[in-house]
Amino acid sequence: MRRRWVAGIAVVATLGALSACSDDTDAYCDELEKVSEPFADLSSGDFSQIDQVMDDMTALEEKAPEEIQDDWQTFGSTIRELQAAVEDEGLTIAEMIELAQQPDLSEEDQAKLIAVDDALSDLDLEAVGTASAEISEHAEQTCDLDLEGTTDDQQ
């Protein structure tokens, strides 16, 4: 139960340097770089900024170029589902991650994790992973962003 939800968080967290560059490539790539930088903290286990990062990433969905739009929509809809499931339990994503890492949970907290897990049971993690890979590849090719959210030579 907890594994599916944690797997969902892990997939989202690994999307760190997701990207695309629209008609205004330089501006979009700059924005994407700003949003992707906090993902380095996620990979080190610091999830304190995850809620803001998720909001920022879904905002980028609207700015994605046509060739990567479908992948951004897949990613954005997954984040919105995750956020809604967590908010329904009165928590943030960061708080839910903290709960999931606790060895001993109260019955109330266990019920919250179960409810989130049930709400996310229909998530297509394979589709999210595929979208992530496509967006990440596009980021590297178009914006010179690597998976840690750094730039080799920003356009």
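Me: At what angle do helix α5 and helix α8 pack, and how far apart are their axes?
Reply: This is a predicted model, in which local features need pLDDT of at least 70, side-chain atom pairs count only at pLDDT 80 or more, and totals for chains, interfaces and linings use all residues. Residues are numbered from 1 along each chain as its sequence is written, and side-chain values use heavy atoms, without hydrogens and water. Helices are DSSP runs (H or I, at least four residues) numbered from the N terminus, and axes are lines fitted to C-alpha atoms over the stretch in contact, with angles from 0 to 180 degrees between N-to-C directions. For α5 (residues 69-88) and α8 (residues 125-143), the angle is about 130 degrees and the axes are 9 Å apart.

Me: Which term describes the orientation of α5 and α8 to each other?
Reply: Angles under 35 degrees count as roughly parallel, over 145 as roughly antiparallel, 65 to 115 as roughly perpendicular and the rest as oblique. The angle here is about 130 degrees. The two helices, α5 and α8, are therefore oblique.

Me: Which residues of α8 make the contact with α5?
Reply: Contact means heavy atoms within 4.5 Å. From α5, the contact uses Asp 71, Trp 72, Thr 74, Phe 75 and Thr 78. Their partners in α8 are Ala 127, Val 128, Ala 131, Glu 134 and Ile 135.

Me: Which residues of α8 does α2 meet?
Reply: Helix α2 (residues 25-36) packs against α8 at about 125 degrees, with the axes 11 Å apart. On the α2 side, the residues are Thr 25, Cys 29 and Leu 32. In α8 they meet Ala 139, Thr 142 and Cys 143.
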